[in-house]
Amino acid sequence: MKHLFYRRRKFFDDDFDWDTYGQGTSERRLKRAVRPMAALGQLSFDPESGTVQSGAGEVHPNQQLILEAIGKLQPATVHEVGCGGGTHLATAKSLFPAIGFTGGDRGAGQLELAIEQHPELKGHLGLQDVTMPFCHQWPRAELVFTQAVLMHIHTAVSHFVALSNIVRQAQKFVLLVENYQCHNFVRDIETLYETGHLAWEHLSIHRIDGSGGARGILLSKTPLDLPVLRTDLQIRDGDEPSIRRLMRADEGSLRGLFGFDPA
Ligand SMILES: C[S@@+](CC[C@H](N)C(=O)[O-])C[C@H]1O[C@@H](n2cnc3c(N)ncnc32)[C@H](O)[C@@H]1O
């Protein structure tokens, strides 16, 4: 009964208690959402084609996109916001050993799990709530990325705060790999930028595609040789519309009060 009631809640599956997001939940969700995850040491990056290939087993398209973006952009440092069990960080660290990796997550249990599964991440992870006011203790990185994090944030104006913080934390690039129906990411980012909520003086919003078919939103301080995103339709292209998610995305966008309008 309690379970049924929980499932009927409007925001079921979002903004939920990440402390209860333990190994069982994590594995179930990974199977459903980002399956399969290639094991360490199975992957290689080909700089010529800019693609990541798996020697054994499949690589999930989202994971492939993240790794390919890192390989192509070659940032000196990378930070993952909402790194969860640390799979992406550990894989990227083994594939690109010259790059410095850090990760933050608001769940202490997530970070414990990450270190248990990937002891090499110890000393590179920290507790971080990206919806808090910007913190100067957060590690800066040339590339900051998220995968399946902002799509879950729907409390008040928190996702605007998170976007603004992520851009400020990033020195060159931001990569978002999310469900693009959960927020109007392109419109919200453009509005934040135009109304003075983003730290970067110049902003280009690009679409980046992985060789496995996944799509990402890539923000950069300078224009890149990639398709420019002007509307959310361009990044939702091909998705089966989810009326519930799209309505909630619009509700989220409407919650923002931007800039400083003269009274
Ligand atoms: C669906 S999991 C994705 C984990 C990881 N990015 C991956 O792809 O495997 C979402 C993660 O975001 C984290 N998270 C949620 N809200 C957050 C916030 N406000 N600040 C930092 N991390 C957050 C959760 O604790 C959880 O580990």
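User: How many bridges join strand E3 to strand E4?

Analyst: Strands of a sheet pair through backbone hydrogen bonds, either parallel or antiparallel. In this predicted model, E3 (residues 77-81) and E4 (residues 100-105) run parallel and are joined by 5 bridges. Thr-77 stands opposite Gly-100 in E4. Strands (E, at least two residues) and helices (H or I, at least four) are DSSP runs numbered from the N terminus, and two strands pair if DSSP finds at least two bridges between them. Residues are numbered from 1 along each chain as its sequence is written. Local features need pLDDT of at least 70, side-chain atom pairs count only at pLDDT 80 or more, and totals for chains, interfaces and linings use all residues.

User: What is the order of the strands in the open sheet?

Analyst: The order is E5-E4-E3-E6-E7-E9-E8, an open sheet of 7 strands with mixed pairing. Its edge strands, E5 (125-127) and E8, each pair on one side only.

User: Which way do E8 and E9 run?

Analyst: E8 (residues 204-209) and E9 (residues 215-220) run antiparallel, with 6 bridges between them. Arg-207 has Ile-217 in E9 as its bridge partner. The two strands form a hairpin with 5 residues between them, and Gly-213 in the turn has a positive phi of about 105 degrees.

User: What pLDDT does the protein average?

Analyst: pLDDT is the predictor's confidence in each residue, from 0 to 100. The protein averages 90, and 85% of the residues score at least 70. Over residues 1-13, however, the pLDDT is below 50.

Note on methods
Contact = placed C-beta atoms within 7 Å.
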